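This briefing concerns a single structure and is arranged by topic. Please keep the sequence and the 3D view at hand while reading.

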Amino acid sequence: FQCESVQGAELEDGGGAGTAVQHWEQRIFLSETMTGSKQSASDSVLSRITLALLADTGWYHVHYDNADELKWGRAQGCSFLQEA
């Protein structure tokens, strides 16, 4: 997003018990695999941030070169994260 002050990824605050606080915020991550919305596999992207989350659990070894590009919000800066 090109926002140096962001310290993490916002989690979903809606969608009920199966989605809220368990997925990335859809208004920010739109087509990312870990948003709580249904989308076809061909429309979904597995971004570096999800790979980093998986690596941070200690359960997975990830290859960041396999990440998909998350185009939604790319280079939009901090205002995108606050206003999205």
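A residue is called buried when its relative accessible area is under 20%, exposed when it is over 50%, and partly exposed in between, as found with a 1.4 Å probe on protein chains only. The model is predicted, and therefore local features need a pLDDT of at least 70 and side-chain atom pairs count only at pLDDT 80 or more, while totals for chains, interfaces and linings use all residues. Residues are numbered from 1 along each chain as its sequence is written, and side-chain values use heavy atoms, with hydrogens and water left out. Helices (H or I, at least four residues) and strands (E, at least two) are DSSP runs, numbered from the N terminus.

**Aromatic residues**

- Two rings of Phe, Tyr or Trp (for Trp, its six-membered ring) count as a pair if their centres lie within 6.5 Å, and the pair is stacked if the planes are under 30 degrees apart, edge-to-face if over 60, and tilted for the rest; by this rule there are 4 aromatic pairs.
- Phe1 and Phe29 make an edge-to-face pair, because their ring centres are 5.8 Å apart and their planes stand at 70°.
- This pair ties together parts that are 28 residues apart in sequence, since Phe1 lies in the segment before H1 and Phe29 in helix H1.
- Phe29 is buried, with a relative accessible area of 3%, whereas Phe1, at 28%, is partly exposed.
- Phe1 also pairs with Phe80, in a stacked arrangement with 5.8 Å from centre to centre and 20° between the planes.
- One aromatic cluster is formed by Phe1, Trp24, Phe29, Trp72 and Phe80.

**The largest pocket**

- On a 1 Å grid over the protein atoms alone, a pocket is an open set of points where a 1.4 Å probe fits, with protein on both sides within 12 Å along at least five of seven lines, and its lining residues have an atom within 4 Å of a point.
- The largest pocket has a volume of about 490 Å³, a volume being the space filled by probe spheres set on the grid points, which are joined across faces, edges and corners.
- Of the 21 residues in its lining, Phe1, Gln2, Phe29, Ile49 and Leu70 are the closest to the centre of the largest pocket.
- Helix H1 (26–29) and helix H2 (48–56) are the elements that give two or more residues to this lining.

**Positive phi angles**

- Gln2, in the segment before H1, has a positive phi of about 60° although it is not a glycine, and Gln2 counts as exposed at 63% relative accessibility.
- Val21, likewise found in the segment before H1, has a positive phi near 65° and is a residue other than glycine; Val21 counts as exposed at 59% relative accessibility.

**Surroundings of Ser31**

- Ser31 is placed in the loop between H1 and H2 and counts as buried, at 18% relative accessibility.
- Leaving aside residues up to four places away in sequence, Ser31 touches Gln39, Asp43, Ser44, Val45 and Leu70, where contact means heavy atoms within 4.5 Å.
- The C-alpha atoms of Ser31 and Leu81 are separated by 15 Å, and these residues are 50 residues apart along the chain.
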